[in-house]
Amino acid sequence: MASIWVGHRGTVRDYPDFSPSVDAEAIQKAIRGIGTDEKMLISILTERSNAQRQLIVKEYQAAYGKELKDDLKGDLSGHFEHLMVALVTPPAVFDAKQLKKSMKGAGTNEDALIEILTTRTSRQMKEISQAYYTVYKKSLGDDISSETSGDFRKALLTLADGRRDESLKVDEHLAKKDAQILYKAGENRWGTDEDKFTEILCLRSFPQLKLTFDEYRNISQKDIVDSIKGELSGHFEDLLLAIVNCVRNTPAFLAERLHRALKGIGTDEFTLNRIMVSRSEIDLLDIRTEFKKHYGYSLYSAIKSDTSGDYEITLLKICGGDD
């Protein structure tokens, strides 16, 4: 069965002559030897798909009675450790943990919440919610509710529900109607009716929204982005703008996030690891193309100049090539 976590534009693919037992043994040797053989760990884990890594994890547990992730944690450190652990984590569990980290401690990482909830499909969101409950014994919705507020909270909860229409069919009549509703809810009244924005932008399919935004421009002579910026504010505004950007071009939206994570002083490894790992089997090739197009240099070269050591080597392997 085709996984909902695999697309056609990834940099990481299934390894052809795959043997979980051979890999598990090689990994165990790499960890157990005198000094860790990082090169071996990197070459195995970056050259297998996530589905294959899960089989290695199973095999490792059966053969050595230990969780591979625990052995990696015990043996590696820093950003490199986080990245290697991410690689052996099932995608839904990985996203669940990223969401938890975004809401833990003092202050919420709204950018991370927005990025995950706007770029995952409804089917992915359903699996993430299940994983979240399994790992934390709390519902994702409850945690979002206690960490956020207002219209931002409402919209996040709608997205977390995984109720966005996934069909590729578009309905022109509905697009006209929704565009009219958005116009009346924002530009054409005193005060904004935020619920209408949430309802339409969080529940309609991406192709449907694309058409709706075209219709919106016809009615209002304005781009939906300008209306959102003029009518709304704060994290709610950020969330709706993220949805518009994803509807128009998800890889470009994620390229922009990577660019932000890599530029300036210090690297945002939390974002860098998340996007590189979670998109490596979906659309990382397209993200690379958009990155080069928008910034004039390759994602590969940005990673190279901003990271170092085994961490850098691993990220470059996931990146899969220079552009």
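You're looking at a predicted model, where local features need pLDDT of at least 70 and side-chain atom pairs count only at pLDDT 80 or more, while totals for chains, interfaces and linings use all residues. Residues are numbered from 1 along each chain as its sequence is written, and side-chain values use heavy atoms, with hydrogens and water left out.

**Stop one: Lys 137.** Select the loop between helix H8 (122–136) and helix H9 (140–147), and you'll find Lys 137 there. Helices here are DSSP runs of H or I, at least four residues, numbered from the N terminus. Lys 137 is exposed because its relative accessibility is 60%; exposed means over 50% relative accessible area, buried under 20%, and partly exposed in between, with a 1.4 Å probe and protein chains only. Its phi is near 55°, a positive value in a residue other than glycine. Most residues other than glycine have a negative phi.

**Stop two: Gln 221.** With 63% relative accessible area, Gln 221 is exposed.

**Stop three: Asp 226.** Next, pick Asp 226 in helix H14 (residues 224–231). It counts as partly exposed, at 41% relative accessibility.

**Stop four: Arg 257.** Finally, go to helix H15 (residues 234–262) and select Arg 257. What is the nearest side chain of opposite charge? That's Glu 115, 4.2 Å away, and the buried Arg 257 has no salt bridge (a side-chain nitrogen of Lys or Arg within 4 Å of a carboxyl oxygen of Asp or Glu).

Terms used:
Helices (H or I, at least four residues) and strands (E, at least two) are DSSP runs, numbered from the N terminus. Lys and Arg count as positive and Asp and Glu as negative; His and the chain ends are not counted.
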